[in-house]
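Here are my notes on the model you sent. Please read them with the structure open.

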Amino acid sequence: VQLQASGGGLVQAGGSLRLSCATSGIRFSGADMGWYRQAPGKQRELVAMITSGGTENYADSVKGRFTVSRDNVRRTMNLQMNSLKAEDTAVYYCNAHGTRWGRSNVSDYWGQGTQVTVSS
C-alpha cells in the first residue's frame with residue numbers, strides 16, 4: 001500500500017494550496033480517507049475526512065476554508081485549502097482506513113506527509 005501526499009509549500013496568509021493524495025494497493029472506493037496535520041510540538045490532529053460514501057467532516061478550525069474531495073476512479077483524495085492562516089502551518093498527512101487488495105482486515109495506512117508553511 002502506498003499513499004503519496006503532494007502539493008505542500010510556502011504561501012502567504014490568505015492564500016490557497018491544494019493537496020493531493022495518490023494511493024495504490026488499497027480498495028480505495030471502500031476506504032474512509034482523511035487528512036491529518038502535525039505542527040511542531042503538537043499532536044497530530046484530524047483536519048478533514050471523507051467517508052467511502054462521500055460524507056465530509058471537518059475540524060472546527062478549518063470549516064468554511066478547506067474542502068476535501070475524492071476521485072474513486074483515479075484513487076486520489078484532495079484537500080483544497082483557502083484563506084490559509086499561520087496556524088495552518090504543519091506537516092499534512094493523508095490517511096486511508098480500509099482494506100488492502102487480497103486482505104479482509106481493516107487497517108490504517110499513512111502517507112509520508114507534505115509540509116505546508118503559511119507566512120503571516
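How many bridges join β4 to β5, and do they run parallel or antiparallel? The count is 5 bridges, and the two strands run antiparallel. Keep in mind that this is a predicted model. My points follow.

1. **Overall make-up.** The chain has 11 strands and 0 helices. From the N terminus on, the order of elements is therefore β-β-β-β-β-β-β-β-β-β-β. The C-alpha trace spans about 45 × 25 × 20 Å along its principal axes. The radius of gyration is 14 Å. A compact globule of 120 residues would have a value near 14 Å, so the two agree.

2. **Burial and surface.** Of the 120 residues of the chain, 40% count as buried. The accessible surface comes to about 6300 Å². Carbon and sulfur atoms account for 45% of that surface.

3. **Contacts along the sequence.** Take the contacts between residues at least 6 apart in sequence. Of these, 55% join residues at least 24 apart.

4. β4 and β5 form a hairpin, with 6 residues between them. In its turn, G41 has a positive phi of about 80°. Across the pair, G34 stands opposite M49 in β5. β5 also pairs with β6 (residues 56-58), in the antiparallel sense and over 3 bridges. Here M49 stands opposite N57 in β6. This second hairpin has 5 residues between its strands, and G54 takes a positive phi near 95°.

5. **The β1, β3 and β8 run.** β3 pairs with β1 in the antiparallel sense over 5 bridges. S6 stands opposite S20 in β3. β3 also pairs with β8, again in the antiparallel sense, over 6 bridges. In β8, M77 is the bridge partner of C21.

6. **Two faces of β3.** Which residues of β3 make up its covered face, and which its uncovered one? L17, L19, C21 and T23 are on the covered face. R18, S20, A22 and S24 are on the uncovered face.

7. **The nonpolar core.** The largest nonpolar core has 31 residues. Those with the most contacts inside it are M33, W35, L79, M81 and Y92. The largest share, 4 residues, comes from β9. As a rule, nonpolar side chains in soluble globular proteins tend to be buried together.

8. **L79 as an example.** What does L79 touch, not counting residues up to four places away in sequence? The list is L17, R18, L19, W35, V47, A48, F66, T67, V68 and Y92. Two of these partners, W35 and Y92, are also among the residues with the most contacts inside the core.

9. **Salt bridges around R37.** The structure holds 5 salt bridges. R37 and E45 meet in one, at 2.7 Å from N to O. R37 also forms a salt bridge with D88, the closest N and O atoms being 3.0 Å apart. D88 lies in the loop between β8 and β9, while R37 is in strand β4, so this pair ties together parts that are 51 residues apart in sequence. R37, E45, R65 and D88 are linked in a network of salt bridges.

10. **Buried or exposed?** R37 counts as buried because its relative accessibility is 6%, under the 20% cut-off. D88 counts as buried too, at 1%. E45 is partly exposed, with a relative accessible area of 35%.

11. **A salt bridge with an exposed member.** D60 and K63 form a salt bridge, with their closest N and O atoms 3.1 Å apart. D60 is exposed, with a relative accessible area of 65%. In general, side chains of opposite charge can pair when their charged atoms come close.

Definitions and conventions: Residues are numbered from 1 along each chain as its sequence is written. This is a predicted model: local features need pLDDT of at least 70, side-chain atom pairs count only at pLDDT 80 or more; totals for chains, interfaces and linings use all residues. Side-chain values use heavy atoms; hydrogens and water are left out. A nonpolar core is a set of buried Ala, Val, Leu, Ile, Met, Phe, Trp, Tyr and Cys residues joined through side-chain atoms within 4.5 Å. Buried means under 20% relative accessible area, exposed over 50%, partly exposed in between (1.4 Å probe, protein chains only). Contact means heavy atoms within 4.5 Å. A salt bridge is a side-chain nitrogen of Lys or Arg within 4 Å of a carboxyl oxygen of Asp or Glu. The radius of gyration is taken over C-alpha atoms; the globule rule is 2.2 Å times the number of residues to the power 0.38. Accessible areas come from the Shrake-Rupley method with a 1.4 Å probe; for residues, only the protein chains shown count as cover. Two strands pair if DSSP finds at least two bridges between them.
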